[in-house]
Amino acid sequence: HAIRLLLYALVGIALVSPLALLGDVGLQLSAMAMLGMIVISPRIERRMPKIFPAWFSTLLSVTLGAQIATFPVLVSTFERVSLYGLFANILTVPLTPLLFGFAGALLGALALPFSFAFVVSLPARLLAGYIISVAHLAATLPYASIRYTPSDIVTSILYGAVFVPVAKDLILAFTEVEESDTLGYKSDSSS
């Protein structure tokens with residue numbers, strides 16, 4: 001269960017650095033994005049119109065799930081709402097694994113002469129440049145983000161709107177009765 005592993009990771013982080021969960025906005029955004037991808041995205045994907053290709057439905061639902069889950073943290077922390085973030089993510093998210101792959105290849109090429117490493121780095125530099133350009137364009141468009149200062153009640157409603165649908169999955173993740181080891185793999189009772 002991915003949700004169980006996410007919660008174990010957060011508990012581990014809290015044990016090492018108790019204030020991280022409250023004070024580290026990057027950690028909060030990462031955890032909420034993962035929660036959105038694990039729990040909210042499948043619900044969105046099931047409701048996607050069948051006119052979209054499967055890869056696009058998955059891309060859109062993962063992006064929407066992550067953005068819905070991170071919205072309360074973004075609004076309450078930065079008091080801004082991005083109007084073009086979803087579109088920028090749709091244009092860049094599919095390329096992120098490629099960028100990491102090329103960056104990994106570049107690490108291996110560092111042992112080689114500079115001229116070869118420069119050539120090997122070209123795909124990573126082009127992809128990174130594209131992603132940065134899309135982010136820059138989205139940030140410079142008119143009304144790229146609008147200021148929004150939520151009241152405590154509005155913030156509570158936003159968090160509730162995210163967590164109420166998630167609560168069922170959280171409860172199920174910890175109450176399922178199965179023979180399994182700590183990683184969630186079913187035990188082989190025949191051995």
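Biologist: By class, how many nonpolar, polar and charged residues are in the lining of the largest pocket?

Modeller: This is a predicted model, to start with. The lining has 14 nonpolar residues, eight polar and one charged.

Biologist: What volume does the largest pocket have?

Modeller: About 580 Å³. It is lined by 23 residues, and A66, Q67, T70, L74 and N89 are the closest to its centre.

Biologist: Which elements give two or more residues to that lining?

Modeller: Two or more come from each of α3 (25–46), α4 (54–78), β1 (80–82) and α5 (85–92). The largest share is from α4, with 10 residues.

Biologist: Now the second largest pocket. How much space lies in it?

Modeller: About 260 Å³. Its lining has 15 residues, with G85, A88, N89, A135 and A138 closest to the centre.

Biologist: And which elements give two or more residues there?

Modeller: α5 and α8 (122–140) do. α8 gives the most, five residues.

Biologist: How do the residues of that lining divide by class?

Modeller: Nine are nonpolar and six are polar. None is charged.

Biologist: Let's switch to the surface. Which residues make the nonpolar patch?

Modeller: I13, L19, L21 and L22 make it. The patch covers about 400 Å².

Biologist: Where does L19 lie?

Modeller: In the loop between α1 (2–16) and α2 (20–23).

Biologist: Does L19 count as buried or exposed, and why?

Modeller: L19 counts as exposed, because its relative accessibility is 65%. The cut-off for exposed is over 50%.

Note on methods
Residues are numbered from 1 along each chain as its sequence is written. This is a predicted model: local features need pLDDT of at least 70, side-chain atom pairs count only at pLDDT 80 or more; totals for chains, interfaces and linings use all residues. Side-chain values use heavy atoms; hydrogens and water are left out. Patches are made of residues with over 30% relative accessible area and no salt bridge: like charges are joined within 9 Å, nonpolar side chains (Val, Leu, Ile, Met, Phe, Trp, Tyr) within 5 Å. Accessible areas come from the Shrake-Rupley method with a 1.4 Å probe; for residues, only the protein chains shown count as cover. A salt bridge is a side-chain nitrogen of Lys or Arg within 4 Å of a carboxyl oxygen of Asp or Glu. Helices (H or I, at least four residues) and strands (E, at least two) are DSSP runs, numbered from the N terminus. Buried means under 20% relative accessible area, exposed over 50%, partly exposed in between (1.4 Å probe, protein chains only). On a 1 Å grid over the protein atoms alone, a cavity is a set of points where a 1.4 Å probe fits but cannot get out, and a pocket is an open set with protein on both sides within 12 Å along at least five of seven lines; lining residues have an atom within 4 Å of a point. Grid points are joined across faces, edges and corners, and a volume is the space filled by probe spheres set on the points. Ala, Val, Leu, Ile, Met, Phe, Trp, Tyr, Cys and Pro count as nonpolar, Asp, Glu, Lys and Arg as charged, and the others, Gly among them, as polar.
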